[in-house]
Amino acid sequence: MAALDDAERARKVERIWENYRTASFQDVPEWPPAVVHSKIEACNEQNGDESARVVLVDARSPEEIAVSKIPNAVLPEDLDADAATLAAARSGEVVIVPYCTIGYRSAILTRKLRQRGITAYNMAGSILGWIHEGYPVVASNGEQVKAVHVYGDAWDVAPVTYKTFKMRGTRGKLSAVLHSILHIVSIIKRRWRKLRARSRS
């Protein structure tokens, strides 16, 4: 089978995320990477501080973050320890934008934050969507890199110029099982919604 080109890979990111969103996260508001980037740029131009209005929160594991992250992203525990930012996010002065590999884990975090009264939007497509838009990621030393942790084979759809890393051993095998389960659940939920809609009409 021929390797996917970048356009096909970007469409696959969108399809995978749309399946997850439709199945489990229709209640979670989201922004696509282009919107997140434009808001960060607007804040940067206005305030000279990229994180003044939008705070990116990386919901991934340390192993994934060690490969690369979106510039200036913080960890969930850093956010929880920042009382001033949380207060500003409750008043709407700051918007929290979680991300992960493709949006599943960050959607869970976004939902939890909103339940606490915090203004938060999930990044649809997350770091994979971000790099497909051509936006940068950086290593732990702050240098821009063409590398990303994709968690497992099911999500290995980064741009072809990127070096990808995956969970190894048992975690890698479990990631494949997890993807299969999530895919089956999303199909069941979509069919259930269609049946309910038909029964009401």
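**Note on charges, patches and cysteines**

1. Glu64 is buried, at 0% relative accessibility. This is a predicted model. The side chain of Glu64 forms a salt bridge with Arg105, 2.8 Å from N to O. The pair links distant parts of the chain: Glu64 sits in helix 3 (residues 62-65) and Arg105 in helix 6 (residues 104-115), 41 residues apart. Arg105 is partly exposed, at 26%.

2. Arg60 and Asp58 form another salt bridge, with the closest N and O atoms 2.8 Å apart. Arg60 is buried, with a relative accessible area of 6%. Asp58 is buried as well, at 1%.

3. Lys166 and Asp153 meet in a salt bridge of 2.7 Å, N to O. Lys166 is in strand 8 (residues 163-166) and Asp153 in the loop between strand 7 (147-151) and strand 8, so the bridge ties together parts 13 residues apart in sequence. Asp153 is exposed, at 58% relative accessible area. Lys166 is partly exposed, at 29%. Asp153, Asp156 and Lys166 are linked in a salt-bridge network. The whole structure has 7 salt bridges.

4. Look at helix 8 (residues 169-200), which holds Lys189. Lys189, Arg193, Arg196 and Arg200 form a positive surface patch. Lys189 is partly exposed, with 32% relative accessibility.

5. Val177 is also in helix 8. With Ile181 and Val185, Val177 forms a nonpolar surface patch of about 220 Å² accessible area together. Val177 is partly exposed, at 45%.

6. On cysteines: the disulfide count is 0. Cys43 is buried, with a relative accessible area of 7%. Cys100 is buried too, at 1%.

Conventions:
Residues are numbered from 1 along each chain as its sequence is written. This is a predicted model: local features need pLDDT of at least 70, side-chain atom pairs count only at pLDDT 80 or more; totals for chains, interfaces and linings use all residues. Side-chain values use heavy atoms; hydrogens and water are left out. Patches are made of residues with over 30% relative accessible area and no salt bridge: like charges are joined within 9 Å, nonpolar side chains (Val, Leu, Ile, Met, Phe, Trp, Tyr) within 5 Å. Accessible areas come from the Shrake-Rupley method with a 1.4 Å probe; for residues, only the protein chains shown count as cover. A salt bridge is a side-chain nitrogen of Lys or Arg within 4 Å of a carboxyl oxygen of Asp or Glu. Lys and Arg count as positive and Asp and Glu as negative; His and the chain ends are not counted. The place of a charge is taken as NZ of Lys, CZ of Arg, CG of Asp or CD of Glu. Helices (H or I, at least four residues) and strands (E, at least two) are DSSP runs, numbered from the N terminus. Buried means under 20% relative accessible area, exposed over 50%, partly exposed in between (1.4 Å probe, protein chains only). A disulfide is a pair of cysteine sulfur atoms within 2.5 Å.
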